[in-house]
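Q: I have a model open and would like to learn to read it feature by feature. Where should we begin?

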Amino acid sequence: MNARPDPASLPIRLADYRPPAWRVERVELVFELGIDATEVAAKLLLRRDPAQDAPLRLDGENLELLAIALDGQPLPGTAYRPVEGSLEVDGVRDGSVLETRVRVHPAANTALEGLYLSGPHGTGFLLTQCEAQGFRHITYFPDRPDVQASYTVTLCADRARFPVLLAGGNPDGAGELEDGRHWARFVDPHPKPSYLFALVAGQLEKIERDYRNADGRDVQLKIWAEADAIERCHYAMDALERSMRWDEQVYGRNYDLDVFHVVATHDFNMGAMENKGLNIFNAKCLLADPDSSTDDEYRRVEAVIAHEYFHNWSGNRVTCRDWFQLSLKEGFTVFREQSFSADMNSAPLKRIEDVALLRRAQFPEDAGPLAHPVRPAEYREINNFYTATVYEKGAELVRMLAGRLGKEGFRRGTDLYFARNDGRAATIEDFLAALGEANGIDLTPYLAWYGQAGTPRLQAHGAYDAGRREYTLTLRQHTPPDQRQAHKQPLPIPVKLALFGADGRMLPLHMDGQTADGETERVVVLDRAEQRFVFRDVAERPVPSLLRGFSAPVILECDYTPTELALLLGHDPDGFNRWEAGQQLALRAYDALRDGTGPEAVAAWCDALAALFDDGNLDDALLADLLTPPGEIELAERESAVDPARIHALRQQLQQRLAARIGPAALDARYRALAARTTAALDAASQARRRLKQGVLQLLALLDPAQACGHAAAQYRDAPGMTDRLGALAVLARHDALRSAEPLAHFRTRYANDPLALDKWFALQAQLPGEAALARVQALEADPAFTLKNPNRARALLGSYASGNPTGFHRPDGAGYRLYAERLLALDALNPQIAARLATAFNGWQRLEPQRREAARAALAGLAAHDKLSRNLVEIVGNMLK
Ligand code: PHE
Ligand code: ZN
């Protein structure tokens with residue numbers, strides 16, 4: 001053997017993209033389904049690119065090749081070669097038909113990629129997951145998104161064991177076979193990439209609804225789940241119908257098949273998957289009922305249903321040329337979902353939630369060793385790039401473009417994008433070109449956002465000239481360098497702004513020839529390193545409200561005084577910026593506590609919030625969000641030599657100050673008033689009351705734990721739904737360990753057969769702060785319901801511990817890191833995707849204080865030293881240690 005580098009370990013580069021030498025025009029698949037072994041017969045009609053002269057090379061992994069024939073003739077062993085995850089075949093011509101027959105082993109597939117078993121051997125069902133490269137675990141195929149084929153799929157299986165047979169596309173016949181077997185055929189009229197292929201087979205129940213499209217097509221909507229879960233699918237069905245209507249109205253997009261299936265599984269690596277005509281969902285993102293789902297989970301179900309449905313156009317009809325373009329479908333679809341959720345619920349609350357997620361998940365990613373552009377330039381394992389950057393930052397980029405074009409302009413742009421690229425595999429450039437051309441605007445400057453990692457810092461400085469009645473706003477941008485790019489270029493940053501007078505009213509804006517009469521809000525675009533914007537006729541020294549609605553994914557640094565922030569917090573009609581002013585004020589208060597720089601900043605925050613607490617006009621949910629200071633992860637982002645225990649203690653002190661300022665009596669009275677109106681109703685006002693009630697109870701617990709735990713015990717007992725039940729349990733477990741033992745045990749028994757509720761039970765305990773969390777996690781690992789084989793369960797216990805419990809995980813002695821590294825190793829042998837994803841919890845380790853940093857480094861290095869790691873984990877750990 002020569003010493004060629006293992007090709008599996010070489011990075012794949014965007015710059016190396018070449019169109020496929022061979023395409024598949026049509027594919028016919030016949031499955032003989034079995035739990036332990038399934039046989040797959042494939043017939044491919046092949047087309048050669050006349051401009052290329054490469055042999056046919058099909059992707060295939062862990063396939064047992066049983067038979068192979070070309071144009072009807074069985075091939076001799078010399079005419080084909082399985083090499084390194086692929087199969088080379090000689091003598092293929094344009095128009096040739098290649099037939100293969102392979103065997104795969106679903107029950108042994110613990111990676112949950114390709115064809116696998118969900119649930120127990122005797123009663124579970126079979127399903128597939130093909131994004132990004134799962135199809136090559138099912139049959140030999142050019143498994144890349146720019147190969148789009150027409151699919152005919154026939155499923156054959158034992159009728160008693162697999163009464164339900166589903167595949168994407170329209171049904172095209174079904175019938176009986178010998179020996180109690182049956183078959184069903186599906187034809188998909190829309191050519192699609194292999195990653196959108198799906199099948200499901202087993203014992204499933206369904207709920208159905210008839211839907212008529214805007215263009216008159218009758219569609220059957222069917223949601224499938226195991227018998228014990230089917231009654232929890234009604235909310236998803238309603239959400240699906242709302243999503244379909246919304247996409248018709250807002251984007252002019254209609255559904256394009258006669259049936260639309262959605263299936264729930266408890267065994268899934270991600271949230272859900274947009275397979276053409278057959279969406280498959282992690283049960284966590286589909287099932288909902290008041291007894292076992294929280295308000296947040298209801299909103300997530302609605303959002304994920306919408307997201308997957310919207311992919312039917314942004315992803316399926318128009319797909320990605322290659323995986324570097326992943327954000328073309330994901331960023332756009334997240335943005336579409338965000339707009340939908342904003343329309344269905346409260347727009348400012350949705351924006352707050354999304355920006356909070358961006359700051360908690362994406363900003364740290366963009367500032368650490370895993371940083372990558374929204375369109376990465378290279379990867380080793382594509383599954384590692386389903387990241388907050390590709391999804392959430394990608395959505396922010398689309399939001400900036402939408403803002404630049406305005407509502408109608410953006411619609412013109414997306415209409416052109418869909419029309420021009422329908423049935424094609426497109427690029428980010430195609431997206432920008434269509435949006436721009438439809439509006440006569442050159443959007444290519446925005447391409448720089450897609451190719452450059454790192455969160456830009458935006459510095460703002462205002463100067464008022466009373467004599468000339470002029471206000472000059474100076475904006476500067478700077479993106480910190482990283483290992484890959486020492487010099488970052490300036491980006492176009494849209495800054496939506498308004499100016500406030502001392503009375504809290506917005507001032508009219510006058511910018512030389514640019515602003516219409518009476519306009520009080522506008523967008524300026526900073527596209528250089530530094531720029532000045534001059535406002536004339538400004539009657540008084542204004543307070544600027546900048547980056548309204550979070551108009552760009554940047555970190556704003558502005559020299560506000562606490563009084564100015566308090567003014568915005570009290571008066572800004574932009575709900576997001578109002579919340580943001582509160583967050584900035586809280587950050588100043590936090591810094592003052594930490595640095596001991598006097599009581600003013602803390603008082604400013606507490607006074608402002610105490611006033612809002614008494615203000616009857618504020619939305620309950622917004623008030624709840626305002627009462628919550630930035631989280632520990634966000635706080636850690638602003639520091640070097642991070643000590644998570646200190647951050648936790650300081651943040652808690654800050655909350656205690658607020659609680660004391662509002663006062664125990666006022667908190668207690670508000671809690672009682674909200675508790676008296678508790679129901680399980682799901683309308684926005686009821687959800688908002690529950691959210692505020694929880695916030696108030698948490699504050700009260702910091703002042704008077706006995707009183708708060710008394711309330712919590714009663715709330716747990718009388719809770720009409722999961723939001724109240726879980727909220728009460730969290731307060732009890734955190735503030736009265738003794739008293740929480742009984743309700744925790746009660747919850748464990750009550751939900752013994754409800755995996756999603758049990759996940760919450762594991763997660764809640766894994767997140768209880770303090771060093772004792774480690775022993776608690778180890779004890780929970782011994783619970784008979786714990787298993788590394790189920791991704792939701794592993795995430796609930798281990799993921800919650802490492803990512804949701806900074807003081808518990810970051811023990812100074814490093815024991816948390818060591819335990820976690822051991823578990824990652826075990827997990828990697830079962831499911832590399834999950835192991836790699838959970839490993840990202842180490843992100844930020846380089847900025848820890850020295851003792852923890854060394855312990856984390858040692859744990860990572862120990863992990864890296866193992867020789868049988870998956871490519872997934874090797875890439876993450878390797879980048880982490882670079
Ligand atoms: N494409 C899915 C989504 O965002 C996510 C996913 C990726 C699911 C890979 C499974 C595997 O909707
Ligand atoms: Zn998606």
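Q: How many bridges pair β27 with β30?

A: Count 3 bridges, in the antiparallel sense, between β27 (residues 493-500) and β30. For a landmark, find phenylalanine 500: its bridge partner in β30 is valine 543.

Q: Let me try another sheet. What is the strand order in the one that holds β4?

A: The order is β4-β8-β7. This is an open sheet of 3 strands, and the pairing is antiparallel. The edge strands are β4 and β7 (80-83), each pairing on one side only. Neighbouring strands here are turned by 20° against each other on average, direction ignored.

Q: Which residue in β8 is the bridge partner of aspartate 59?

A: Serine 86. β4 and β8 (residues 86-89) run antiparallel and are joined by 4 bridges.

Q: Now the backbone angles. Where does asparagine 62 lie, and what is its phi?

A: Asparagine 62 sits in the loop between β4 (56-59) and β5 (64-70). Its phi is near 55°, a positive value in a residue other than glycine.

Q: Is the peptide bond from glutamate 131 to alanine 132 cis or trans?

A: Read omega. For this bond omega is near -5°, and the bond is cis. Alanine 132 belongs to the loop between β11 (125-129) and β12 (148-158).

Q: Which residues are closest to ligand 1?

A: Glu131 is one of them. Two elements give two or more residues each: β20 (272-273) and α2 (295-310).

Q: What does UniProt list for residues 110-196 and 235-443?

A: Take the annotation first, then check the fold content. An unreviewed UniProt entry lists residues 110-196 as "domain: Aminopeptidase N-like N-terminal". In the model that span is 0% helix and 52% strand, with its end C-alpha atoms 21 Å apart. For residues 235-443 the unreviewed entry gives "domain: Peptidase M1 membrane alanine aminopeptidase". That span is 56% helix and 10% strand, and its end C-alpha atoms lie 40 Å apart.

Q: Last, confidence. What is the mean pLDDT, and where is pLDDT below 50?

A: The mean pLDDT of the protein is 97, and 99% of its residues reach 70 or more. Residues 1-5 are below 50. Beyond near neighbours in sequence, that stretch has 1 contact in the model. Where pLDDT is low, predicted coordinates should not be read in detail. For the complex, the predictor gives an ipTM of 0.99 and a pTM of 0.98.

Terms used: Residues are numbered from 1 along each chain as its sequence is written. Chains are lettered from A and ligands numbered from 1 in the order in which they are written. This is a predicted model: local features need pLDDT of at least 70, side-chain atom pairs count only at pLDDT 80 or more; totals for chains, interfaces and linings use all residues. A residue is near a molecule or strand if its C-beta atom, placed from the backbone, lies within 6 Å of it. UniProt positions are given in the numbering used here, feature names are shortened, and annotations may be inferred rather than shown by experiment. Two strands pair if DSSP finds at least two bridges between them. pLDDT is the predictor's confidence in each residue, from 0 to 100. Two residues are in contact if their C-beta atoms, placed from the backbone, lie within 7 Å. Axes are lines fitted to C-alpha atoms, for helices over the stretch in contact, and angles run from 0 to 180 degrees between N-to-C directions.
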